[in-house]
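Morning, everyone. Let me put the model up, and then we'll walk through a few spots.

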Amino acid sequence: MTAARDTWKRPPFISNPVVRWTVYIVAIVYFGWVAATMPIDWQRVIDGFGRAGLIFGGAFPPSFERSGLLIDGFLESLKIAILATAGGVLLSIPIAFMAARNVAPLPIYYLGRFIIIVARSFHPVIVAIIFVKAVGFGPFAGVLTLIVYSIGFVAKMLAERIEEIDFGQVEAMRAAGVPYLSTVFYAIFPQIMPRQIGLTIYQLDSNLRASAVVGIVGAGGIGATLANAFGRYDYDFALAITIVIVAVILLSEGISGQIRKRVA
Amino acid sequence: MSTISEQFGRDEWTRFTPKQRMQRYGIFALTALAIAWALSSIEVIWAWVWDAPSQMGDLFGRMYPPDATNLGSILRILWETVNIATFATVLAVFMSLPVAYLAAQNTTPNRVTLWLGRLILVTSRSVNTIIWALLFVAIFGPGVVAGIVAIMFRSIGFIGKLLGEAIEEIDKRPVEALEATGASRFKVIAYAIVPQVMPTFWAVSILRWDINLRESTVLGLVGAGGIGIILQGAIDTFNWPEAATVLLAILALVIVGEIVSAFLRRRIL
């Protein structure tokens, strides 16, 4: 008979010891190897701390002297966000229907999923660069970028909601011989509407955030102002812009959270 | 059989009551106004807008067929991108642990530390990775260091916030039991708090790794390392076939990342 254990030990994270130690060793080797082979110039990193002091010294106090430029940039960001949300959500609805397995035939389902995967995979900044090259600098490229960005999120979430609907109502209307579009309007839309409204508000908020970023590569809005300030070493103006961006994001997050709480 | 008016108090069936309809019209009008305001005042050269479809077609025409002659160096830098994302995620996870501890109402030592924790989280999350990267490229110069630090700074807020919420939701009883036995602060954390937030910890770390993979593809565009550098180079030299290869490589990377993270989530949770 084995003696009863007199000390308690915490059960290990992975019960099989061979697997556990393999995972540990692989992880350690990987991180050691990555750390050793990264092309890092330590001298420059050390110098960087001094430079950080200079930059922050130059950034304080933040300068709100050119607040006209700041407000114009923000209004442009807001316009970009509104137009992109409107366009993106309108386009998302048909794409979501395409990508919902229970209402679309198989080939159309695959096409819909493909559009969503491509729209989701590319970071908005990459999409922005391509649109800037194709249609020129300015807010129009930003609107197109954020339309793609909106489709990637709204169409995906909406398709998932459509797949979860109660199909009884659709069947009832089909049995009554109702045409396809009427089925969509009276049996599907009422079921997905709350989610659609919530998603639209969330996306408006999200687009406002993203519009600050796509501007850095020339797609209009406050990001363009920020990139310019940074490029001219106007760190005090850059800090002022950053502070306002953070404030606006917090504000819009609060507003959109309130609205979504009431809708849902 | 009862008539419609007996059932609903109305003669005809309509989808909305008059009040609902007024509210809907109000919201429609507001939306239309916002769009009209944006459309009429945005500084856009409309000729370019009408021209856009043909310009886009032209661009994709130039990208085809993708040119894979540089595939070797593209894959090498793609691997570097993965390393940046992974390394930065791991570092951020470690750094967000104390922040989450401070930012959770039931574990933070006092009010001041609570607000310190919250301040770190809000600052980190409100500034986009690219903006962090812009700052750190100015500090550390171009290269992977700026990229890793930028992704770290952004991830701490995300991981810390979700982890802090998980800590706030834990069952207090194990904590009280351990405290009653006179366990040290460290032991309470290790044996009563950590096991409860472990699932969230892994789920959040994997999710953030997946997001960071995407984010790290654009760091190079502001000079902070990774595949973005090659993309920028190809675009600047109008080498569209190579740009197409890079885009396809990024697409593959993101899809593989999503599959791996879905697999890990299923195995661990």
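A helix here is a DSSP run of H or I, at least four residues, and strands are E runs of at least two, numbered from the N terminus. The expected span of a helix is 1.5 Å times one less than its number of residues. Now take helix H6 of chain B, residues 129–140: its twelve residues should span 16 Å, and the end C-alpha atoms are 16 Å apart, so the two agree.

Two housekeeping points. This is a predicted model, where local features need pLDDT of at least 70, side-chain atom pairs count only at pLDDT 80 or more, and totals for chains, interfaces and linings use all residues. Residues are numbered from 1 along each chain as its sequence is written, chains are lettered from A and ligands numbered from 1 in the order written, and side-chain values use heavy atoms, leaving out hydrogens and water.

Back to H6(B). How many of its twelve residues are buried? Eleven, so H6(B) is largely enclosed by the rest of the structure. Buried means under 20% relative accessible area, exposed over 50%, partly exposed in between, with a 1.4 Å probe and protein chains only. Trp132(B) and Phe136(B) are among the buried ones. After the helix comes Gly141(B), with a positive phi near 80 degrees.

Next, Thr217(B). This residue sits in the loop between helices H9 (185–216) and H10 (228–236) of chain B. Its relative accessibility is 0%, so Thr217(B) counts as buried. Contact means heavy atoms within 4.5 Å. Thr217(B) touches residues including His123(A), Ile126(A) and Thr81(B), leaving aside those up to four places away in sequence.
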